[in-house]
Amino acid sequence: MESKRELILAFESSCDETSVAVIEDGTKILSNIIATQINSHKRFGGVVPEVASRHHVEYVTRCTEDAMKAANVTYDDLTAVAVTYGPGLVGSLLIGVTAAKTIAYAHHLPLIPVNHMAGHIYAARYVKPLEYPLLALLVSGGHTELVYMKAAGEFEIIGDTRDDAAGEAYDKIGRVLGIPYPAGKEVDRLAHLGHDTFNFPRAMIHEDNDDFSFSGLKSAFINTVHHADQIGEKLSREDLAASFQAAVIDVLVTKTIRVAKRLGIKQLVVAGGVAANQGLRERLAQVVKDEHLDLDVVFPPLRLCGDNGAMVGAAAHIELQKKHFAGLDLNADPSLEFAYAATYQP
Amino acid sequence: MNILAMDTSNRALSVAVLSDDRILAEKTTDVNKNHSTTLLPAIDQILKDSHLTSDQIDRFVVAQGPGSYTGLRIGVTTAKTFAFTLHKELVGVSSLASLAGNIRHTNALLVPLFDARRDNVFTGVYQRDDHGQLTNVVSDKHVPVAALIAQLKMLNEDIIFIGTDVAHFAERFRAAFGQQAHFADDEANLPHASELGLLGAQKEAVKDIHAFIPHYLRRTQAENDWLKTHSDKGHQPYVEEV
Ligand SMILES: Nc1ncnc2c1ncn2[C@@H]1O[C@H](COP(=O)(O)OP(=O)(O)OP(=O)(O)O)[C@@H](O)[C@H]1O
Ligand SMILES: [Mg+2]
């Protein structure tokens with residue numbers, strides 16, 4: 001008898017994207033519908049949780065219908081339903097969790113709870129198979145972490161930001177430059193047109209730990225711009241962006257490569273919204289080449305760097321093998337985090 | 001017609017299964033627990049008690065609001081997802097109408113209300129007509145308590161206040177309406193999904209399940225502030241598939 005293909009219907013609604021995907025065998029994207037609320041939250045300069053929750057209710061069944069249609073599958077074909085249950089905005093998470101539970105219940109399918117950050121990492125699975133132990137640099141709107149994976153589905157934080165996340169810093173300095181939310185992509189573009197002339201601080205770069213800090217950089221940037229405003233001096237936006245980005249990338253790349261060498265890691269996954277950053281992609285490739293490192297750096301495709309259902313489906317594929325299922329009482333967990341490694345010293 | 005009705009619009013949770021006009025099962029709890037963890041288990045239980053499965057339900061009825069925003073979203077998302085995924089009917093009923101429906105055999109004004117904080121309430125005015133049918137006299141809205149009192153004074157009839165939050169305002173209602181103010185008993189102060197289901201049985205099913213959202217009756221603070229200096233006209237779609 002022909003073995004049935006494994007099909008997972010995956011939901012993501014942790015922040016301001018409603019996304020539903022159908023994934024085959026954890027490796028093939030049959031559909032990945034993403035409804036983004038950026039045009040709405042742009043009005044407010046950032047995500048307003050109550051507004052985000054309201055939009056999710058408007059889109060969750062629409063996205064499900066579109067995902068099922070685009071994948072050309074029926075509920076009878078499905079193996080399981082998966083959903084991001086944290087971390088994120090609780091009101092947003094609840095919509096995906098509620099819809100996923102209802103569909104799993106109505107069609108008698110197992111329900112797989114997925115950690116959103118595991119999803120970001122597993123977006124890399126669509127590029128190539130992951131090889132363990134691996135190191136992941138997670139850089140997103142809410143996280144900047146170095147995560148060690150001894151095996152599939154096992155995550156330990158070995159380095160973390162002490163204050164702002166990298167994406168958050170991009171969005172905040174972007175605001176000062178008058179760039180609408182989310183600013184990362186535009187700052188990245190401007191950075192490629194300018195030069196690192198301001199020499200902003202590279203926080204903790206030489207410190208003997210694997211943590212990050214971006215609030216000092218953010219303050220230095222804001223002070224520079226305000227000071228120039230006060231004396232009526234006009235600064236180059238391109239040079240400001242280039243200087244900011246150079247500082248971020250210097251710290252991220254220096255510390256990540258150091259950890260990879262120390263742990264003898266062969267594969268580095270860079271994931272999360274900021275993994276879309278061209279400067280970061282170029283620099284990592286350059287360092288690996290210059291230093292002749294035996295390190296395979298994997299970036300998810302651009303579309304899979306931001307929040308999406310496909311990444312949730314890829315992470316769920318691993319959880320399905322481990323039979324990690326949830327019951328009808330699954331709740332959202334807005335502050336869900338990976339555990340810190342036993343050796344982690346803050 | 002088999003109906004599954006659910007109300008998670010406030011602290012209480014109520015679910016019921018009806019077959020035509022017969023109530024097969026109902027479960028109502030009023031404990032401070034997250035509806036996200038309790039709603040589907042409660043539905044599962046009453047369906048089992050009724051010897052039905054969810055695909056044997058013809059119509060899903062939900063308390064559409066007003067109420068707690070998170071609670072409303074859990075109920076509405078559950079109901080619309082069931083209706084969508086099983087290709088069944090969906091009906092929304094006012095959470096306030098459902099409470100008013102708890103009071104029968106009277107032609108007094110029925111005033112269900114929920115505390116909306118800062119001296120505001122979500123409320124509407126209902127009344128039973130000569131055939132005992134529940135009618136809406138003043139539509140559901142978000143108002144200062146003082147404005148509600150002023151409006152009820154003009155109607156000058158006997159009033160029955162309904163809902164667990166009424167206690168917060170009982171003294172003021174007594175002071176304002178004296179003998180005309182009456183208060184529902186504990187049983188009638190709780191929402192009953194059986195009543196919601198009976199009201200939902202009479203309504204037309206919604207045409208566009210995707211577009212079905214709670215009746216919050218209030219814009220968000222962020223949108224109100226933004227609208228003070230901006231226009232909502234001719235904008236790009238706020239949400240778009242990319
Ligand atoms: N090219 C880019 N360069 C830098 N930052 C970028 C780029 N593209 C997107 N970003 C940033 O990525 C972030 C969004 O990423 P993502 O959607 O993964 O975050 P999130 O889901 O809000 O947070 P988290 O995943 O931590 O819960 C935003 O801060 C955005 O500015
Ligand atoms: Mg994310």
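Trainee: In which helix of chain A is the place of His56(A)?

Mentor: A helix here is a DSSP run of H or I with at least four residues, a strand is a run of E with at least two, and both are numbered from the N terminus. His56(A) sits in helix H2 (residues 49–71) of chain A. This is a predicted model, in which local features need pLDDT of at least 70 and side-chain atom pairs count only at pLDDT 80 or more, whereas totals for chains, interfaces and linings use all residues. Residues are numbered from 1 along each chain as its sequence is written, chains are lettered from A and ligands numbered from 1 in the order in which they are written, and side-chain values use heavy atoms, with hydrogens and water left out.

Trainee: Is His56(A) buried or exposed?

Mentor: Buried means under 20% relative accessible area, exposed means over 50%, and partly exposed is in between, with a 1.4 Å probe and protein chains only. His56(A) has a relative accessible area of 0%, so it is buried.

Trainee: Which side chain does His56(A) join in a polar contact?

Mentor: A polar contact is a pair of N or O atoms within 3.5 Å; within protein, one must be able to donate a hydrogen and the other to accept it, and residues adjacent in sequence count only if both atoms are side-chain atoms. The side chain of His56(A) makes such a contact, of 2.8 Å, with that of Thr18(A).

Trainee: Which residues coordinate the magnesium ion (ligand 2)?

Mentor: Donors are N, O and S atoms within 2.8 Å of the metal (3.2 Å for Na, K and Ca), and water is not among the atoms, so sites may look incomplete. Here His116(A) and His120(A), each through NE2, and Asp307(A), through OD, coordinate the ion at 2.1 to 2.2 Å. His116(A) lies in helix H4 (residues 116–122) of chain A, while Asp307(A) lies in the loop between strand S10 (296–298) and helix H10 (309–321), 191 residues apart. His116(A) is buried at 5% relative accessibility, and Asp307(A) is buried at 14%.

Trainee: What lies around ligand 1?

Mentor: A residue is near a molecule if one of its heavy atoms lies within 4 Å of it. Ligand 1 is surrounded by 22 residues, and among the closest are Ser140(A) and Asp307(A). A polar side-chain atom of Ser140(A) is 2.5 Å from an oxygen atom of ligand 1, and a side-chain N or O atom of His120(A) is 3.0 Å from an oxygen atom of the ligand.
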